[in-house]
Amino acid sequence: MRVPEFAPQPSQVLYVAVADHVAARIAAGDLKPGVRLPSERDLAAEYGVSYVTMRRATEVLRERALIVTVHGRGTFVADPPPAEPTEGA
């Protein structure tokens, strides 16, 4: 599955759009479980957003249990990522 380029809609909250795009990359297998993510500053530059926006996006991803941050080591894709919710569950 190919993830489309990052193109937030004007009606979207930017940090949620970034979080959704990173989540899509994880779901597509572009970012595999256990892989260390670039720093928030590097991700902010990659996405063309401010550091504060990226920081809020990573908070959302942590709340969704898609990433984990280990103090002094970095931020990693959760291993294994949580299962997608199923219909009727």
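Start by selecting helix H1, where Ala-17, Val-18, Ala-19, His-21, Val-22, Ala-23, Arg-25 and Ile-26 are buried. Buried means under 20% relative accessible area, exposed over 50%, and partly exposed in between, with a 1.4 Å probe and protein chains only. Helices (H or I, at least four residues) and strands (E, at least two) are DSSP runs, numbered from the N terminus.

Before going on, note that this is a predicted model: local features need pLDDT of at least 70, side-chain atom pairs count only at pLDDT 80 or more, and totals for chains, interfaces and linings use all residues. Residues are numbered from 1 along each chain as its sequence is written, and side-chain values use heavy atoms, with hydrogens and water left out.

**Stop 1: the length of H1**

Select residues 14-28, which form H1. At 1.5 Å a residue, its 15 residues should span 21 Å. The expected span is 1.5 Å times one less than the number of residues. The end C-alpha atoms of H1 are 21 Å apart, which agrees. Now step just past the helix: Gly-29 takes a positive phi of about 90 degrees.

**Stop 2: Val-22**

Select Val-22 in H1. Its relative accessible area is 2%, so Val-22 is buried. Show its contacts, meaning heavy atoms within 4.5 Å. Leaving out residues up to four places away in sequence, Val-22 touches Leu-31, Tyr-47 and Leu-61.

**Stop 3: His-21**

Move to His-21, also in H1. Why does His-21 count as buried? Its relative accessibility is 14%. Beyond residues up to four places away in sequence, His-21 touches Val-3, Pro-4, Glu-5, Phe-6 and Tyr-47.

**Stop 4: the partners of H1**

Select helix H2 (40-47), helix H3 (51-63), strand S1 (67-70) and strand S2 (74-77). The buried residues of H1 pack against these elements.

**Stop 5: H1 against H3**

Keep H1 and H3 in view. At what angle do they pack? It is about 55 degrees, with the axes 8 Å apart. Axes are lines fitted to C-alpha atoms, for helices over the stretch in contact, and angles run from 0 to 180 degrees between N-to-C directions. H1 and H3 are therefore oblique to each other. Angles under 35 degrees count as roughly parallel, over 145 as roughly antiparallel, 65 to 115 as roughly perpendicular, and the rest as oblique.

Color the contact residues. H1 gives Leu-14, Tyr-15, Val-18, Ala-19, Val-22 and Ala-23. H3 gives Thr-53, Met-54, Arg-56, Ala-57, Val-60 and Leu-61.
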